[in-house]
Amino acid sequence: MIRQDYNRIDPKRRSTIDYKKKQFSTPSWTQNFFPNRLNLYDIPPTADITLEQFEQWAIDRLRILAELEACSFRNKTPAETAAHITPLLQKWLPLHSNTSSSTGAQDSNLQLERQKDHYSHFILRLAFSSTEDLRRRFARIENALFRLRFQNDDVRERQRFVESLQLDWEAVSEEEKGALAEDLVNATPGLRRQEIDEGGWFKVDFEAVPELVESRRVFLRAGKAYVPVREQLSMVLAGFNANLEKGLELAARALPRLDEDDRLTPILNHLSKNFATPDSTLADSDSVLPGAPVNAASIDALSQHFPLCMRNLHMTLRKNSHLKHFGRLQYTLFLKGIGLTLEDCLIFWRQAFKLITDDTFNKEYRYNVRHSYGDVGGDSIRRGKGYSPFSCQRILTEHPPGSGESHGCPYRHFSVDNLMTLLQTTGVNDREVLRVVKEDVEKKRFHIACNRVFDWAHKTDIARVKDEGSWNAADLDTIVHPNTYFKRSYLLKMGGKAGPGNERGDEMEM
């Protein structure tokens, strides 16, 4: 006879226990309060947010991480990186200090900013925990973001944040500090005797501050590193890294349980793919370049501003008087994005396909061009004005070119020798640039290679607009769309000013 456990809930009765209380041992986490601007992300969020917030918050953070990684690949100094990233942070992921509000941390806008920062970190932690490579990249870029914010934080708030961490630091007593004063001066570069007497010191395990040990900036004794308070950033970063690595491992173990959730899994998969090249799309207002003579007769002259993928299509079209389907689609949508009208586009393609008759062109090609513009097709196609121009992410990942096809990204789909030949054909003859581009391609940093070529081709114009102050760092961020390449190149060469209607789209395509 089986003994009945009367403490268990009868499965035939409705359970009155709140599901959140069953899932989380501390339901007080549901409403997080963020007293500090900085965050170690040690407590996961549990409050409800909408799917739209889940997606958009992650996208906004991904923009920042992608730009930070691009700055690293392009060997920018810490000062240049800070100048480049700060306006982007204000735009996509603002995080103000308590002193910016009269009510301090109680301000609802501050709490909303910190909630977005908190949630977006954990969303991307889920998205990038699937493989070791993604976890390593995510940890490295999040570390760079935390370092940037820590260094730019208000001094008093930064100190309050450090005190709230309750890290395993042992304060050095005055007696011990006096006894080791000579050793501390000799082992700590740039430190004066007065700073030893007046400043605070901590003892930590030397494994906790590998950066300081590597650069020989601390005194070591009996397995302990004697760290001055001015070097607390290294200790905080060590705690941040340890916490993040542990959290990524836990997220990787929990990831298989999300496979059954058909709402979140597609979003997380798309975010992880976009870590290579953030996907973007142009807004309608960005398809217009004031004063640009975009018509069928001007495409040859404008092609000098095209990115390598579109320039290759244009050169192949002029050489063979023909492009295969995906090449025509990629190039048609690009021309549509730079402002070429449907009528001019039809004229352009008819003149380009000069080896066929009008009847053949009308039967086999005319409809596809009209369909791309939304002139024909289903209601949804016509209402949406056709298809959007392909972003770099889409060109890199969809429909790789086969034999006899010319679409795709040359940095991704060409052999290294063919890529070097194509670059030299288009005027890129600097040996150092070609060498670094080759390294980028071998490391699969395709969009960085494209941006590097752009920077070299426009180095004089970029220096000019920086000196004039007519363009800011946000106007010169990493290019992730062929149409952005064209517009930025045209504006730089023609002396135009970047702006919301001139430079780039601000929406990301999911």
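**Cavities and a pocket**

Tutor: Sixteen residues, written 16 in the count, line the largest cavity, and Cys309, Cys392, Cys409, Tyr411 and Cys450 lie nearest its centre. A cavity here is a set of points on a 1 Å grid over the protein atoms alone where a 1.4 Å probe fits but cannot get out, and lining residues have an atom within 4 Å of a point. This is a predicted model: local features need pLDDT of at least 70, side-chain atom pairs count only at pLDDT 80 or more, and totals for chains, interfaces and linings use all residues. Residues are numbered from 1 along each chain as its sequence is written, and side-chain values use heavy atoms, without hydrogens and water.

Student: What volume does the largest cavity have?
Tutor: About 140 Å³, counted as the space filled by probe spheres set on grid points joined across faces, edges and corners.

Student: And what classes of residue are in its lining?
Tutor: The largest cavity is lined by 14 nonpolar, 2 polar and no charged residues. Ala, Val, Leu, Ile, Met, Phe, Trp, Tyr, Cys and Pro count as nonpolar, Asp, Glu, Lys and Arg as charged, and the others, Gly among them, as polar.

Student: Switching topic: how much space is in the second largest pocket?
Tutor: About 600 Å³; a pocket is an open set with protein on both sides within 12 Å along at least five of seven lines. Of its 20 lining residues, Arg74, Lys76, Asp455, Ile462 and Lys466 are closest to the centre.

Student: How does that lining divide by class?
Tutor: Into 9 nonpolar, 3 polar and 8 charged residues.
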